[in-house]
Amino acid sequence: MILEVKDMDVYYGAIQALRGISLHVDEGEIVTLIGANGAGKSTTLRTISGLVRPRKGQVIFKGQDITRMSPYKIAAMGVSHVLEGRQVFPELTVLENLELGAYTRSNKKGIAEDLEWVFSIFPCLKERLGQLGGTLSGGEQQMLSIGRALMITPGILLLDEPSLGLAPALVEQIFETIKEINEGGTSIFLVEQNAVMALSVADRGYVLETGSMVLEGTVAELKDNPQVQAAYMGGG
């Protein structure tokens, strides 16, 4: 098991955002968390990566309790978080954005090799190395966000709504890339409103409703669940 969240409560002031959340990701898995807007999906990821502090519960990464660590230390350990909304540095070039992803690393040879790996996954980024991040299309910015996150050499990649605002053809491409990254050995925890796409690439999944975990299971079990079909897959 690479990641475990145990009985986590999160509050924003007096408002409880997460109630007793427990989940896990095994080494090499893609696990997805699906749910409606406002269910607490992004809060779950932000708590794992240290951007939000839980009031109760634990986050365990590779057997170590990271619940109270700073986001910087959590990232340096190998938890890489791609935030919702394509958070690139608009005034920096594509290359500078990618190099920032390796800010915790000092091995120049390893960094150069990982840059080439990112370019093999996203060839369009290599063609735009000197271009400013803010001038890229939405799909290219999403690729840059993911590429920058990979430069940490993560043990686990946290992806928050990677399909948001993208054209259908680009959504397909992003999800193909997610599978490719996973096949390269990176475990992935994927938060996604597009349940059909998320369940097409994941091994297992969880369903979050108003801050509480209501379902979990294999992808096959969730796809066959009438509640999931009705609420998230256009069935019912």
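**Close-up views of charged side chains**

The model contains 10 salt bridges, a salt bridge being a side-chain nitrogen of Lys or Arg within 4 Å of a carboxyl oxygen of Asp or Glu. Side chains of opposite charge can pair when their charged atoms come close. This is a predicted model, in which local features need pLDDT of at least 70 and side-chain atom pairs count only at pLDDT 80 or more, while totals for chains, interfaces and linings use all residues. Residues are numbered from 1 along each chain as its sequence is written, and side-chain values use heavy atoms, with hydrogens and water left out.

**View 1. Lys-56 and Asp-7 form a salt bridge.** The closest N and O atoms of Lys-56 and Asp-7 are 3.1 Å apart. This pair links distant parts of the chain, with Lys-56 in strand β4 (residues 56-61) and Asp-7 in strand β1 (residues 3-12), 49 residues apart. Strands (E, at least two residues) and helices (H or I, at least four) are DSSP runs, numbered from the N terminus. Lys-56 counts as partly exposed because its relative accessibility is 37%, and Asp-7 is also partly exposed, at 38%. Buried means under 20% relative accessible area, exposed over 50%, and partly exposed in between (1.4 Å probe, protein chains only).

**View 2. Lys-56 and Asp-9 meet in a salt bridge.** The N to O distance for Lys-56 and Asp-9 is 3.9 Å. Here too the pair links distant parts of the chain, Lys-56 lying in strand β4 and Asp-9 in strand β1, 47 residues apart. Asp-9 counts as buried because its relative accessible area is 12%.

**View 3. Glu-127 and Arg-128 form a salt bridge.** Their closest N and O atoms are 3.3 Å apart. Glu-127 is exposed, with 63% relative accessibility, whereas Arg-128 is partly exposed at 22%. Elsewhere, salt bridges that share partners join Asp-7, Asp-9 and Lys-56 into one network.

**View 4. Glu-29 makes a polar contact with Arg-204.** Glu-29 is found in the loop between β2 (15-25) and β3 (30-34). Its relative accessibility is 12%, so Glu-29 counts as buried. The polar contact joins the side chains of Glu-29 and Arg-204 at 2.8 Å. A polar contact is a pair of N or O atoms within 3.5 Å; within protein, one must be able to donate a hydrogen and the other to accept it, and residues adjacent in sequence count only if both atoms are side-chain atoms. Leaving aside neighbours within four places in sequence, Glu-29 is in contact (heavy atoms within 4.5 Å) with Asn-182, Ser-187, Ile-188, Asp-203 and Arg-204.
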